[in-house]
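Morning, everyone. Please have a look at the model on the screen, and keep it open while I talk.

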Amino acid sequence: MPPPLPEGTVHVWYAGLDVDEATFARLTAVTSVDERDRARRVRVPSAGRRFLVARAILRMLLGAYLDAPPAALPLPAGRSEKPRLLGPEESELRFNLSHSGDTVLLAFARRLEVGVDIECEVEGRAPERLVRRFCSDAERRLLEGLDGHARSAAALVMWTRKEALAKAWGRGVYRSNLRELDLGLGADEGWLTVFDAVSSQSWSVRTIRPPDGACAAAVAVQDGGAAVECFRWVARPGPA
């Protein structure tokens, strides 16, 4: 059961997605038929399995916050830049999730739009190539001044900040003009505030520290920042 979630606070949850068969069966029992169908269509079976576990954890946390049965929540299974509950619950509880490898990151807030992103280092992947498509000139110069692991680590930090903002906005990275935002690497554990001309609102983004040091993560929220409380979700024995 999560602690109370007051307005002006963001709850961030970390959870592992690789679970044993008994836990998998308990968790997927709360998912919808549409979610299970979508998982079956994923080409890589392990990715489909992780998708289902992530949706189950999301449902269980949503159910706990809303005091509602997880399996009955009106949560569409389709792809969306900004997943939402259908019905009256939408105006109260806002949420977002991101997963990378075997880790999922989930964020919840009341009456504040929120976005999260987590990216884990993968051998052979060069995240700075992706970031350069969306970074400002100043950010590009910063990256070019770094070498090796330092460059990849900086790129992950930049990318998670930008994607968390894009997910909070609900427009996706390709429609968010992210190259106009200069987030850099400053204020490493504090809020950076930016103004979004499309929504005519201020938004704040900050780096957060996942338990796994090989991952970078960020959370973005509407208005001028919020208190952030982080938790680890662990599957309990027994029925879901």
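One term before we start: buried means under 20% relative accessible area, exposed means over 50%, and partly exposed is in between, with a 1.4 Å probe and protein chains only. Take W169: its relative accessible area is 12%, so it is buried.

Now the ground rules. This is a predicted model, so local features need pLDDT of at least 70, and side-chain atom pairs count only at pLDDT 80 or more, while totals for chains, interfaces and linings use all residues. Residues are numbered from 1 along each chain as its sequence is written, and side-chain values use heavy atoms, with hydrogens and water left out.

I will say helix and strand a lot. Both are DSSP runs, numbered from the N terminus: helices are H or I with at least four residues, strands are E with at least two.

What does W169 pair with? The rings of Phe, Tyr and Trp (its six-membered ring) pair if their centres lie within 6.5 Å; planes under 30 degrees apart count as stacked, over 60 as edge-to-face and the rest as tilted.

The structure holds four aromatic pairs. One of them joins Y65 and F108, and this pair is tilted: 4.9 Å centre to centre, with 40° between the planes. Y65 sits in helix 3 and F108 in strand 3, so the pair ties together parts 43 residues apart in sequence. Both Y65 and F108 are buried. Then come W169 and W203: their ring centres are 6.4 Å apart and their planes are at 80°, so this pair is edge-to-face. W169 belongs to helix 6 (residues 148-169) and W203 to strand 6 (residues 201-208), so parts 34 residues apart in sequence are tied together. W203 also counts as buried, at 3% relative accessibility.

Next, the cores. A nonpolar core is a set of buried Ala, Val, Leu, Ile, Met, Phe, Trp, Tyr and Cys residues joined through side-chain atoms within 4.5 Å. How many residues does the largest nonpolar core have? It has 29, and those with the most contacts inside it are I57, L58, L61, L62, V104, L106 and F108. At least two residues each come from strand 1 (9-16), helix 1 (21-28), helix 3 (45-66), strand 2 (93-100) and strand 3 (103-110). Helix 3 gives the most, with 10 residues. There is also a second, separate core of 23 residues, which includes A154, W159, V173 and V205.

Zoom in on L106. Contact means heavy atoms within 4.5 Å. Leaving out residues up to four places away in sequence, L106 touches H11, V12, W13, I57, L58, L61, N96 and L97.

Now strand 3 itself. Eight of its eight residues are buried, so strand 3 is largely enclosed by the rest of the structure. Both faces are covered: T103, L105, A107 and A109 are buried on one side, and V104, L106, F108 and R110 on the other.

Who are its neighbours? Two strands pair if DSSP finds at least two bridges between them. Strand 1 and strand 3 run antiparallel, joined by six bridges. There, A15 stands opposite V104. Strand 2 and strand 3 are also antiparallel, with eight bridges. Here S98 stands opposite L105. Strand 2 and strand 3 form a hairpin with two residues between them, and G101 in the turn has a positive phi of about 60°.

On to strand 4 (residues 114-120). Seven of its seven residues are buried, so strand 4 too is largely enclosed by the rest of the structure. V114, V116, I118 and C120 cover one side, and G115, D117 and E119 the other. Strand 4 pairs with strand 7 (residues 215-222) in the antiparallel sense, over seven bridges. The bridge partner of I118 in strand 7 is A217.

A disulfide is a pair of cysteine sulfur atoms within 2.5 Å. How many does a search of the whole structure find? One. It joins C120 to C215, S to S 2.0 Å. With 90° about the S-S bond, the link is right-handed. Two other cysteines are worth a glance: C135 counts as buried, at 1%, whereas C230 is partly exposed, at 42%.

Last stop, helix 2 (residues 33-41). Its buried residues are E35, R38 and A39. The buried residues of helix 2 pack against helix 3. The face turned away from the buried side carries the exposed residues V33, D34, R40 and R41.

That's my tour. Over to you.
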